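User: Please take a close look at one residue in this chain and its surroundings. Then set that spot against the rest of the fold.

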Amino acid sequence: MGTLRFRKVTRDVENTTFSCGVSSIDQYVKDSYYPLLTQHAYTYSIVSGDIVLGYYQVLFREIQLDDFPEEISEYSSEVKADTISAVHIRYIAVDKRYQKHKIGTSTLKTIIKDVQELTNRWPVRVITIDARIELIQWYEEEGFVKMETNTPGQDGLTVRMYFDCHRFTEDLEQYINDMI
């Protein structure tokens with residue numbers, strides 16, 4: 001496939017013939033330009049050469065601490081009303097013709113790397129995704145963990161998962177030990 005490039009979608013996305021095989025995600029792709037203009041979510045096309053191979057969309061969310069396992073939920077700074085800042089991956093969609101070529105894996109790794117770089121300057125703790133049931137194992141292999149609660153109405157379709165981008169594990173442990 002060559003080198004993948006990622007660029008923000010343009011209005012042309014509304015006319016795409018793209019299909020990842022999931023009609024709801026195909027529609028999200030077609031409808032992605034307006035959220036980009038309002039800066040609620042950014043959608044990127046996944047490109048190799050002149051070929052659009054797929055799309056992904058990211059946005060910021062605040063997630064309740066109680067939705068996470070204890071290793072995250074036990075720490076509340078009282079600064080954010082018991083929430084954690086997250087970059088949420090709304091979808092990663094690869095055209096059916098190009099699936100099974102590690103494009104999704106490369107894209108996910110790029111998103112993780114970009115968010116980890118973001119955490120150098122901004123207080124983002126986790127990356128979240130509502131993973132389709134058939135992709136749970138793939139996300140787990142890439143370091144994602146199931147959350148304590150699922151998205152309402154999504155049982156049987158998706159599972160909420162997160163990737164922890166915590167940067168100060170040792171410092172936090174030392175701080176807690178010093179306070180005890």
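Analyst: Start with Ile25, which sits in helix H1. Helices (H or I, at least four residues) and strands (E, at least two) are DSSP runs, numbered from the N terminus. The model is predicted: local features need pLDDT of at least 70, side-chain atom pairs count only at pLDDT 80 or more, and totals for chains, interfaces and linings use all residues. Residues are numbered from 1 along each chain as its sequence is written, and side-chain values use heavy atoms, with hydrogens and water left out.

Ile25 counts as buried because its relative accessible area is 12%. Here buried means under 20% relative accessible area, exposed over 50%, and partly exposed in between (1.4 Å probe, protein chains only). Setting aside residues up to four places away in sequence, Ile25 touches Cys20, Tyr91, Ala93 and Arg132. A contact means heavy atoms within 4.5 Å. Tyr55 is 30 residues from Ile25 along the chain, and their C-alpha atoms are separated by 9.8 Å.

Tyr55 also turns up at Thr16. With neighbours within four places in sequence left aside, Thr16 is in contact with Val29, Lys30 and Tyr55. Thr16 itself is in the loop between strand E1 (5-8) and helix H1 (23-30). Its relative accessibility is 16%, so Thr16 counts as buried. The Thr16 side chain reaches the backbone nitrogen of Phe18 at 3.0 Å.

Next, strand E3 (residues 51-64), which holds Leu59. Leu59 is buried, because its relative accessibility is 16%. Beyond residues up to four places away in sequence, Leu59 touches His40, Ala41, Ala86, Val87, His88 and Arg90. Asp130 lies 71 residues from Leu59 along the chain, with 13 Å between the C-alpha atoms.

Two loop residues come next. Ala81 lies between helix H3 (70-73) and strand E4 (83-94). Lys100 lies between E4 and helix H4 (103-118). Ala81 has a phi near 50°, positive in a residue other than glycine. Lys100 has a phi near 70°, again positive in a residue other than glycine. Most residues other than glycine have a negative phi. Ala81 counts as exposed because its relative accessibility is 64%. Lys100 is exposed as well, because its relative accessible area is 82%.

Now the whole chain. It has six helices and seven strands. Their order along the sequence is β-α-α-β-β-α-β-α-β-α-β-β-α. Of the 180 residues, 42% are buried. Among contacts between residues at least 6 apart in sequence, 65% join residues at least 24 apart.

The C-alpha trace spans about 60 × 35 × 30 Å along its principal axes.

Methods: A polar contact is a pair of N or O atoms within 3.5 Å; within protein, one must be able to donate a hydrogen and the other to accept it, and residues adjacent in sequence count only if both atoms are side-chain atoms.
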